[in-house]
Amino acid sequence: MNAQRIILLLVFICTLSNQELTAQIKRTIKGSVKDSTNQGIPGSHIRVIAGKDTLTAIADKDGGFSITNITVKRLDLMVRSIGYKAYASDITFEDDQNQFDLGDIVLKTASNMLDEVVIKGKITPIRVMKDTIEYNTEAFVIREGDYVEDLLKQFPGMIVSDNGKVTAMGKELTKLRVNGKDFFTSNVAEFIKKLPSSIFSHIQVIDDYGDEANFTGIKVGQPKKFLTWLLNREKTKEHLQT
């Protein structure tokens, strides 16, 4: 093998090695979602379109988030949270940059945000009130054989893990109510995997400050979040007859 062929072979090997290293680069973005008072907005939904991939994250209790395993240099970012205007931006990494710190992303309050906000449409999918977010199940896709778990995964601001843990706005849901009454089990994972989604007309996420606060109206401390379900009587009757 003459010298020229050896040089060409070495160049070819180096090119392959560089391409392989480039393909293996995993980039990360991080940041914090805040309101105009510099308070974190937990539960904000962060979506990144990176080439053919769509990556998502939910802001933690302080509004912080991180998205990893990004393999492209340029991506589109969208940040949403109920009651706030959406934030959009594009991000470009430098050739040797593996991490991009977005700092604070400040969301502006939606101009129509009053005591109660109605997101309008043919069917109102979401109502946002002071201590309650209500989802109208008719506004979401319910296929035959779907369970509550399948429905919850469609709700903005709600995450269902593989083991059935449900979080809303960054907080775990630990209590269940049906038609305003405490359900016989607080096992949220078991509940959402066994009941058909079609028997409910509305699902609410409620901030619960405790029995004393419900009685006095004085709310102190951090609330717990629980799910309350409103039955669709006709669908429930059909389900019991089958």
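Predicted model: local features only at pLDDT ≥ 70, side-chain atom pairs only at ≥ 80, totals over all residues.
I29, placed in strand β1 (residues 27–34), counts as buried because its relative accessibility is 0%. Leaving aside residues up to four places away in sequence, I29 touches V48, F65, S66, I67, I70, L77, I91, F93, F100 and L102. With F100, the separation is 71 residues in sequence, yet the C-alpha atoms are 4.7 Å apart in space.

Side chains of opposite charge can pair when their charged atoms come close. A search of the whole structure finds seven salt bridges, including those tabulated here.

| Salt bridge | N to O distance |
|---|---|
| D104 and K34 | 3.6 Å |
| K193 and E149 | 3.1 Å |
| E190 and K194 | 3.2 Å |

The pair of D104, in strand β7 (residues 99–106), and K34, in strand β1, links distant parts of the chain, 70 residues apart; D104 is partly exposed at 44% relative accessibility, whereas K34 is buried at 16%. K193 forms its salt bridge with E149, and this pair likewise links distant parts of the chain, helix α3 and helix α2, across 44 residues. Here K193 is partly exposed at 36%, while E149 is buried at 12%. E190 and K194, by contrast, both lie in helix α3 and are four residues apart, so about one helical turn separates them; E190 is partly exposed at 37% and K194 is exposed at 55%.

Methods:
Residues numbered from 1 in each chain as written. Heavy atoms only, no water. Helix = DSSP H or I, 4+ residues; strand = E, 2+ residues; numbered from the N terminus. Buried < 20%, exposed > 50% of the residue type's maximum accessible area, 1.4 Å probe, protein only. Contact = heavy atoms within 4.5 Å. Salt bridge = Lys/Arg side-chain N within 4 Å of Asp/Glu carboxyl O.
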